Number of protein chains: 2
Amino acid sequence: MPKPATKTRQSAVRGSRTGRPIMALLDLLGRRWTLRIAWELRDGPLTSRALRTACDDASPTVMQARLSELREAGFVELLSGDGYHLTPLGRELMESFLPLHHFAERWSRRLAG
Amino acid sequence: MPKPATKTRQSAVRGSRTGRPIMALLDLLGRRWTLRIAWELRDGPLTSRALRTACDDASPTVMQARLSELREAGFVELLSGDGYHLTPLGRELMESFLPLHHFAERWSRRLAG
DNA sequence: GCGTAGTGCTACGTTATTTGTAGCACAGGA
DNA sequence: TCCTGTGCTACAAATAACGTAGCACTACGC
């Protein structure tokens, strides 16, 4: 892969250079805990520690990294005294995600027998 | 659940122990290249190398790992002479994913303008 | 004032995963 | 035979995630 000059993060969202927004989204969401974090925020704000607990006690390092990315993307914001919560855009994202949730249910039923 | 002996992969799908299928799906799809691979297969089968090319020349190691996981989950299968392609279940998955695609389009427009 | 507990966030050494390059065995075509 | 393509693997290096500990800050009770 011909990596750009900056090695730590070439942009807020990897893959955005392709110009295909789905790639940017795929790349942002295709990192460990990203989808999970957004999912756990779906029905109400959570403090950083409550969020960590909800996410199987993921390490604070990744937690903060993912939260930064999600905030940078405009999906999550931090209200002082209220913890993290989804922005309207983030809420829209999770609504778009709902069909996948329903698919997961069907999928598990099919696996179960 | 205590982790099984095999250390390379504790189970086909990390997070399935929670009993919540969405977690299993979130975990399977929340690995690098997984969503991308499924996405690139959306309109037709691809050979392993064509798939690798389509995925920004991802390393064959992860490619094979992800393909194994996707095949194990029943989303992808390999037809000899025809390359990899989505199973009906995999196609169903990608259809459930379409709203996210549309969201990505709206999202990019919002970022651009 | 002091101590305690909560918040968001970071440092750092260890571990796991991903990468890049090279290569394997096999199958078909010339 | 040689060449090309397939699916797939080995292995060292680079990267990302983990786990533990801790920071600065704020709000509370004393």
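These legends accompany close-up views of a predicted model.

Local features here need pLDDT of at least 70, side-chain atom pairs count only at pLDDT 80 or more, and totals for chains, interfaces and linings use all residues. Residues are numbered from 1 along each chain as its sequence is written, while chains are lettered from A and ligands numbered from 1 in the order in which they are written.

**View 1. The fold of chain A.** Chain A has five helices and two strands. Helices (H or I, at least four residues) and strands (E, at least two) are DSSP runs, numbered from the N terminus. Their order from that end is α-α-α-α-β-β-α. Of the 113 residues in chain A, 35% are buried (20 or more other C-beta atoms within 10 Å of the residue's own, with C-beta atoms placed from the backbone).

**View 2. The surface near DNA strand D.** DNA strand D is surrounded by 22 residues, each with its C-beta atom, placed from the backbone, within 6 Å of the strand. The closest are A:S59, A:V62, B:T47, B:S48 and B:P60. Chain A contributes two or more residues through α4 (60–73). The surface holds 10 nonpolar, seven polar and five charged residues.

View 3. Chain A superposes on chain B (RMSD 0.1 Å) by a rotation of 180° with 0.0 Å of shift along its axis. The two copies are thus related as by a two-fold rotation axis. Superposition is by least squares on the C-alpha atoms of residues with pLDDT of at least 70 in both. In chain A, the C-alpha of A:G30 comes closest to the axis, at 2.3 Å.

How values were computed:
Ala, Val, Leu, Ile, Met, Phe, Trp, Tyr, Cys and Pro count as nonpolar, Asp, Glu, Lys and Arg as charged, and the others, Gly among them, as polar. A residue is buried if 20 or more other C-beta atoms lie within 10 Å of its own, exposed if 12 or fewer, and partly exposed in between; C-beta atoms are placed from the backbone.
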